[in-house]
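Okay, everyone, let's get the model up on the screen.

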Amino acid sequence: MSSIAIDAVSKIFGKTPALKDIALDIRDGEFMVLLGPSGCGKTTLLRCVAGLEQVNSGRIRIGERDVTDLAPRDRNIAMVFQSYAVFPHMTVGSNIGFGLRMKRRPKPEIERRVREGAELLGLVPFLDRYPAQLSGGQRQRVAVARALVMDAPVLLMDEPLSNLDALLRLQARADLKRLHKEVKRTTIYVTHDQVEAMSMGDRIAVMREGAIEQLGAPMEIYDNPATQFVGGFIGSPPMNFLRGAIRDGSFTGDGFAVPITRMRGDLQGREMVLGVRAEHITIADDGIPARVMVVEPLGSHALVTVLVGKTAVKVQAPIDVAVRPDQAINLHFDEATLRWMDAGTGSAIQR
Amino acid sequence: MRTRTERFLPFALLLPTIAFLTLLIVIPMVQALLLSVMAESDGLSLDNFQRMFADVNFSDAWRNTLLLLILIVPLQIVLALVMALLINSRFRGHGIFLYIYAIPLAISDLAAGILWLAVFTERGYLNSTLQNAGVIDQPVLWLSFDNFAGILSAIVIAESWRATALVLVILIAGLQLIPRDFFEAADLFGANRLRRTVHVVLPLLRPSLQSALIIRTIFAFQTFAVVFALAGRNMPVLAGEAYTWYATNRNEHVAAAYAVVVLGLTVVAIIVYLRVLGLREAEVQR
C-alpha cells in the first residue's frame, strides 16, 4: 500500500502563505497531476511530500506511515527534479545507481537494476558517458531512470518536461505515461502545462494561490470546471466567458443576447458568467451576431477570434471556413454545453 | 568602425593586467633566472647553484619548506572545508562566522607573525595565561633554537590562523556555485550528511579545491615573514635564505638561485594538482 494522504497541510514562507490547509488523497498507483500557474503552490506541495520543505501544520502519510517529520531519505520516495539534478561528475551508470549505492545494496543487485533501468529508458549505449556528453532529452531520461530503479513506491516529478523542446516533450510525455502503466508507482506530477496534465493524469488537482481549486479526472475538469479560473486555465484555447444576466428567455450582456430555453427560475436577473468552449460554437446562418477579428488556420481546424458585443470569443471552425476579418457573421452556441458561473465569486452554478 | 572597436576592446581591457603582470612578475622572473645562471665576473655558469647546494642551510631550508607545506596546506584545506560546509549549511547567524573567520585576511603576514610572537614569546600571552592558571611554574621557551617542535607548531598555528580564511573564501564561493538541487537530490536518494559530502559535494567542489590548493601551495613555498618573525634564522626556509643571501650576504646570484628553486617547486606542484584534480573533459558542461 502506498497511497498518499495529505491532511490539512499549511506552509508559510515568511508571512506569505504558500499552502492553505491542503487536503488531498492520492490512491495507490494513481498518477496525480498538480496543475496551476507559477506561484500557486504546486511545487511547494510536492516538496513538502518529498520532505525538502517542512510543513507548518498538517500531516502527510505515505501508506500507513506518517512521514511528516521524517528526513527525505527516510520517506521511501524517488524524485525527478525540474533541473534533473543529474550529477555531472558521475557517468550515466553511476547516476542511475546512485540511490542504490547510498542505500548500500549489494553490488550485483545494483548492476542488474542499473541495467534494467537503462534498458527501460533506452540508455544502455550511454552508460559510460558523462551527462555533459548527453542531449537534454537523454539527461532527462537519466533522471527518470535514477528515480525508477529505487523501487520506491512513490515517484515525485517536478515539471520534468519543461526544459525540453516542444517536439521532444511530446515524445517524452508519451514515454512517461507508458512507463507509469508499466511500473505502477503512485506518482505526483507537477506541471503548469494543462496539455500535459490532461494527457497524463488519472486525476488533476488544479491549484491556485495555495489552495486546490478543483480535483477530478481530466475530462470531468474540462467539461465541468468548478470555477471560471479552472475553465480559463484548462483547454487550449481556454474557455470563452461572457458576462451578463438572464432576462426574458435570453442571456443578455454588453451588446449581445444568447437565447436560452431552459434555466432555473431563481437565476432570473442574476449577474452571471456564461462559459463556452471553442468547439461548442458553430458559425451559422442566423443566431448571435458577431464580427470576425482574426482567422488562424491550424492545419486540422481554424481558430477564429470574433467579437461578441465587446467580448473576444474564440471559435473552432472547419479549416475551409470562408470568413474574413471584419466580416459580420452569426454564431450558434450548443445550449447543453454552456456552463454558468457566479459573476462575483466565479464559482459554477448548476442550471 | 564599430566592429573594429569591438575587436580591440578585449585587448584594451586586458592591457592593464598584462602590463601589471609583465612589470611585476615576468620581468623579475626573467631577471632572477638570468641572475642565477650568471657568474659573478661574466659569462654563464652553474657556480651559483653549486654554492647554494653547498650552503650549510640549504638542506635544512629545503626540508623545512617542504615540512611546512605538508603540515600547513592540508590542515588549512581541511579547516577551511569544515568551516565552509558549516557556513553553507545556513544555520542561524552563519553570516557572522564568515566575518569573524575573514578578519585575519586584512592583516599583513609580517604583522601576523609579530602578533603571534607576542603570544609565544617567553613573557608572552601563552606563558602568562598558563602560569596564571597554574599549569606551568616557569615560562616555557616555545621559540628557543633547540625547541624545533615548538617553533614548528607556532609557525603552523600562526600560518593557519593567518591564511585559512583565504581558502575559506574560495571554497564558499565554490559551494555557492553548486546548485541546491544537487544537495537535495543527494538527500532524497538516501545519502546522509557525510556521504553527501564525500560523494556529491567534494567532487563538485573540485575546481575550487584546485584553485585553493594551487594558491596555498604557492604561498607555502614562499612562507617567509611569519617564519622570520617567530624564529628568525633558527628555522631556515627557501624564501628566507633567498632574502638572507641577498640582504645579508649581498650575493644576488645565489639569492636568485634560491628563488629559481622555489619557482621550480611551484611549477611542479601546479602540474601535479592540475593532473590529479583537473576535470575530465567529458565532465565539462558545454
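**Where B meets A**

Across the interface of chain B and chain A, the rule finds 5 residue pairs in polar contact, both at pLDDT 80 or more; that's a pair of N or O atoms within 3.5 Å, where within protein one must be able to donate a hydrogen and the other to accept it, and residues adjacent in sequence count only if both atoms are side-chain atoms. Bear in mind that this is a predicted model, where local features need pLDDT of at least 70, side-chain atom pairs count only at pLDDT 80 or more, and totals for chains, interfaces and linings use all residues. Residues are numbered from 1 along each chain as its sequence is written, chains are lettered from A and ligands numbered from 1 in the order in which they are written, and side-chain values use heavy atoms, with hydrogens and water left out.

On the B side, α8(B) gives the largest share, 7 residues (helices are DSSP runs of H or I, at least four residues; strands are E, at least two; both numbered from the N terminus).

In chain A, 6 strands make an open, antiparallel sheet, ordered β13-β12-β11-β14-β20-β21, with pairing needing at least two DSSP bridges. β13 (256-259) and β21 (348-349) of chain A are the edges, each pairing on one side only. Inside chain A, β11 (240-247) and β14 (271-276) pair over 6 bridges, and A:Ala245 has A:Glu271 in β14(A) as its bridge partner.
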